Amino acid sequence: MELQQMRYVVAVAEANSFTRAAERCLVVQSALSHQIARLERELGARLFERTSRRVRLTPAGEAFLPAARQCLDAAERASAEVAAAVGEVRGRLAVGLIPTVAAVDVPGALRDFRERYPQVRISLRVGASEELAEQVRQGTIDMAFLGLPTTARPQGVAAHELGRDRLVAVVAPDHPLADESAVTLRRLSSEVFVDLPAGTAGRIQSDQAFAAAGLARDVAFEVTSADFIARLVGPGLGVAMLPSAYAPQLAGVVAVEVADAPARVEYVVWSRLGRTPAATAFLAVLDIPAEVRGDE
């Protein structure tokens, strides 16, 4: 079994196509197909079901894919560690972040990192805090920037607190509250809300604050993007609560202080099992301490 064969299997599984996988791997399709067929003979099982319309993993392929990814990641990490030992940072840097990160300038940091370490392949994905933390634990990404209620801490990862922030009300420019210097949760509870999906960290902080105050609210619109929250708030479909440091980035809405607003904490997290050389170098760009205790 060869690493190249495993790369081909992963490429086909992700592309759902032998043709697109071959293009991605920069080989002719016949060579890729031959190597996968040879691997299937060696394993004694078909990894893919091939039809005229689609390609999909067989049960054997589903079982093989996670192990193949782990082997490829281990090989890439070994190569990166050897390079780091002789003073060269290369490999990959996979970063996750929530859309409302405001404690650090992630795009600016990635730009500086790429200028310093051009041989590192950077990838970025945006998601919810709980999803990104799980991907860090699984090793799918190297690090992530999260936002959590003050009642929660990142679990099973090494974490560094970046900053704390309070939420503000976000309303349409012609909303009656737009001219107020501050409002309360009780006043806001009579409004229709736009918010993140129930159960997500970004939603929980607001839900907990209203519940602690003995208040109920109507969340009529649930969306996954803070930008789209603003697109619904701007025309007056509802109001929202977003971090005060992030709200000024939004156009077409007005931010209003909330006297009894909930707070949130932003973290950068990485695996408790260790960091890749690229992840260590990126933390250095951010001036993050090298040794941070991982939470249990």
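**A first look at the fold**

Of the 296 residues in the protein, 46% are buried, where buried means under 20% relative accessible area, exposed means over 50%, and partly exposed covers what falls in between (1.4 Å probe, protein chains only). The structure is a predicted model, so local features need pLDDT of at least 70 and side-chain atom pairs count only at pLDDT 80 or more, while totals for chains, interfaces and linings use all residues. Residues are numbered from 1 along each chain as its sequence is written, and side-chain values use heavy atoms, with hydrogens and water left out.

As for the overall picture, the protein holds 10 helices and 12 strands. These are DSSP runs numbered from the N terminus, with helices (H or I) of at least four residues and strands (E) of at least two. The C-alpha trace spans about 70 × 50 × 35 Å along its principal axes. Take the contacts (heavy atoms within 4.5 Å) between residues at least 6 apart in sequence: 72% of them join residues at least 24 apart.

Strands count as paired if DSSP finds at least two bridges between them. E5 pairs with strand E3 (residues 91-97) in the parallel sense, over three bridges, and Val95 has Met143 of E5 as its bridge partner. E5 also runs antiparallel to strand E12 (residues 263-271), with seven bridges joining the two. Here Leu146 stands opposite Tyr267 of E12.

Next comes helix H9 (residues 226-233), in which Ala226, Ile229, Ala230, Leu232 and Val233 are buried. Seen down the helix axis, these buried residues fall within an arc of 160°, so they line one face of H9; the arc is that of the directions from the helix axis to the C-beta atoms.

Leu57 belongs to strand E2 (residues 55-57) and counts as buried, at 18% relative accessibility. Setting aside neighbours within four places in sequence, Leu57 is in contact with Ala13, Leu47, Phe48, Glu62 and Leu65. Leu185 is another matter: it sits 128 residues from Leu57 along the chain, and the two C-alpha atoms are separated by 50 Å.

Leu26 has a phi near 60°, a positive value in a residue other than glycine. Leu26 is found in the loop between helix H2 (18-25) and helix H3 (29-43), and is exposed, with a relative accessible area of 76%. Asp287, not a glycine either, has a positive phi of about 60°. This residue lies in the segment after helix H10 (277-285), and Asp287 counts as exposed at 67% relative accessibility.
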